[in-house]
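Hi,

Here is the structure I promised to pass on. Have a look, and my notes follow below.

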Amino acid sequence: MTPPTEIRTKRGRARFVDGTVRFEESTVGYLRALLRDYWHGGSRGQRAIVGAYLFAILYGLGVLAWELGHGRWRLPALVVGVVGVGWLIGRARGYRSVDSLDLDRIESVAATRGSKALTRPRLVLTFRTDGGTRKRRVLLPSLYAIDGDEAFERAVAAFDDRGFDVARDR
């Protein structure tokens with residue numbers, strides 16, 4: 001059996017091409033995944049959650065625009081600061097640190113299924129760099145997604161079938 005050549009991630013997908021794994025992730029990919037995993041083929045509850053999520057984002061942007069339009073800078077500055085700190089923390093922890101990774105540089109792969117409503121399924125790739133070792137965290141589709149369990153198993157199989165001993169938590 002040939003290993004999967006592509007796996008879904010939270011923000012897009014990862015493709016295995018010519019001995020590398022390439023991550024194609026973006027905000028647009030995240031929105032596409034929301035629509036694919038929860039809206040199309042999802043239950044009414046899942047559609048309501050997506051609708052509320054999108055409404056909250058648009059409402060928040062509207063409030064920020066209204067505040068800026070009236071010359072108020074505190075709330076927009078606070079929001080930009082919180083988002084910036086979150087981005088820096090995510091960057092430091094390695095959530096999206098590399099977009100392409102040679103498979104022969106990967107030392108280990110750890111998989112965590114996560115818990116519904118608490119944590120998201122993820123893979124942690126430990127790899128060698130010039131200055132030592134680093135980690136690349138790959139967030140996978142939620143277990144609430146239409147095929148969240150299957151997406152997790154497919155991601156584990158993609159690395160397992162390429163000769164990695166995938167360590168599973170839970």
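Setting aside neighbours within four places in sequence, threonine 126 is in contact (heavy atoms within 4.5 Å) with Arg105, Ile106, Glu107, Ser108, Thr133, Arg134 and Lys135. Threonine 126 sits in strand S6, residues 122-129 (strands are DSSP runs of E, at least two residues, and helices runs of H or I, at least four, numbered from the N terminus). Its relative accessibility is 16%, so threonine 126 counts as buried (under 20% relative accessible area, 1.4 Å probe, protein chains only).

Before you go further: this is a predicted model, where local features need pLDDT of at least 70 and side-chain atom pairs count only at pLDDT 80 or more, while totals for chains, interfaces and linings use all residues. Numbering starts from 1 along each chain as its sequence is written, and side-chain values use heavy atoms, leaving out hydrogens and water.

Next, lysine 10, in the loop between strand S1 (6-9) and strand S2 (12-17). Lysine 10 is buried but has no salt bridge (a side-chain nitrogen of Lys or Arg within 4 Å of a carboxyl oxygen of Asp or Glu). The nearest side chain of opposite charge (Lys and Arg count as positive, Asp and Glu as negative; His and chain ends are not counted) is glutamate 25, 9.4 Å away. Beyond four places in sequence, the contacts of lysine 10 include Tyr30, Arg120 and Pro141.

One of those partners, Tyr30, is also among the H1 residues that meet H2, together with Leu34 and Trp39; on the H2 side they include Val50 and Leu54.

Cheers

Technical notes:
Buried means under 20% relative accessible area, exposed over 50%, partly exposed in between (1.4 Å probe, protein chains only).
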